[in-house]
Amino acid sequence: SCGWDPLPAAVHPDPDGFILARAVQYLNQDSAFDDDLVFFFPAATFIHWTCHEDMLCYQKYISACTFLMTHHRIKSITIAEVPESYTDVSVMGRLWGIHEFHVAAFCQRIVNSAARLVKPNLTPEKLRNASGQLKSAPTAVEADRQQVLRLRTAFFSRMSAAQEDSTGFHVVCEQSSIRWVRVWFIHELASRGGPAPRCQDMPYGSFLEGRVPVGVRHYVVSHSWAANRHFDPSGEKLRDLAKILTRVGAQDNDVAFLDYMSLTQAGGWVPMAYLQYNPSARRHAEAYGLRVGVDIEERRLEQEPDMVRLSGRSDAQERRFRF
């Protein structure tokens, strides 16, 4: 969504490239890939139709836009900035802008949520009062107000509560390729001690990936990290977790979500002891010619001699991680 209403049909909606430049800026900040897709409103739909078919396409878009934002896996960019010459109300104060921003805040990830003109609109006070704002917000066409309110009622009623949305849960697990750690492996790590493997270095058979099968109980573990690069270098947290899983009756083939082991991790330098405890990680340390204290060109790096650098996520893993 962009910072002001499209200009009349005879004028280009972004004649100076103001919106486009900021869209590119935020896409770059999010490290968007070149083959990612962008729904750029002026170019993606018929704003100013010239025939009956174009008008029907635009009406279909208006009816479907809320469904797109509430039921599909997308990310949003809100361009609240406006040119210095613009003196009217920005998108954050107009009917459609308030509606789309509110829906994005609850249903999607706003890429530029920390932007100076975006962040103040993400407060609980602002978000709770969206319906009240919509009833009085300025709009170019008054009939749009009832249409927006009707769309919100229709599509929000279709959305299941998060705690009851098993379909959405399974879709997230599958599309994000979440790795669920087997309880027996947690017990094994607790007995062994030392740092557990990151997601990419998990041994085959020690996890389930994607949807959790029927009959397998799953646990989600919330915890603080004990160190900057590893959540539990000593293994003490896993020993505590193993005791808790035993106490609640978790079976060996049940599974648990632990962020470091369930979501792919970035690359970087880790102590050599990590490889000693997790030999499967060697394929990520050696695949690109990386050895202790030496880079690809065999030049000495300013690192401790007992450190090794692991490769990070692949492009495919990076895409899944961001969503």
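Analyst: Serine 177 counts as buried, because its relative accessibility is 16% (buried is under 20% relative accessible area, exposed over 50%, partly exposed in between, with a 1.4 Å probe and protein chains only). This is a predicted model, where local features need pLDDT of at least 70, side-chain atom pairs count only at pLDDT 80 or more, and totals for chains, interfaces and linings use all residues. Residues are numbered from 1 along each chain as its sequence is written, and side-chain values use heavy atoms, with hydrogens and water left out.

Serine 177 sits in the loop between α8 (166-175) and β3 (179-182); helices (H or I, at least four residues) and strands (E, at least two) are DSSP runs, numbered from the N terminus. Leaving aside neighbours within four places in sequence, serine 177 is in contact (heavy atoms within 4.5 Å) with Val172, Glu209, Gly210, Ser262 and Arg320.

Now for the rings, which pair if the centres of Phe, Tyr or Trp (its six-membered ring) lie within 6.5 Å; planes under 30 degrees apart are stacked, over 60 edge-to-face and the rest tilted. There are six aromatic pairs by this rule. Tryptophan 180 and phenylalanine 257 are edge-to-face, because their ring centres are 6.1 Å apart and their planes at 65°. Tryptophan 180 belongs to strand β3 and phenylalanine 257 to strand β6 (residues 255-257), so this pair ties together parts 77 residues apart in sequence. Both residues, tryptophan 180 and phenylalanine 257, are buried. Ring pairs also join Phe169 with Trp180 and Phe257 into a cluster.
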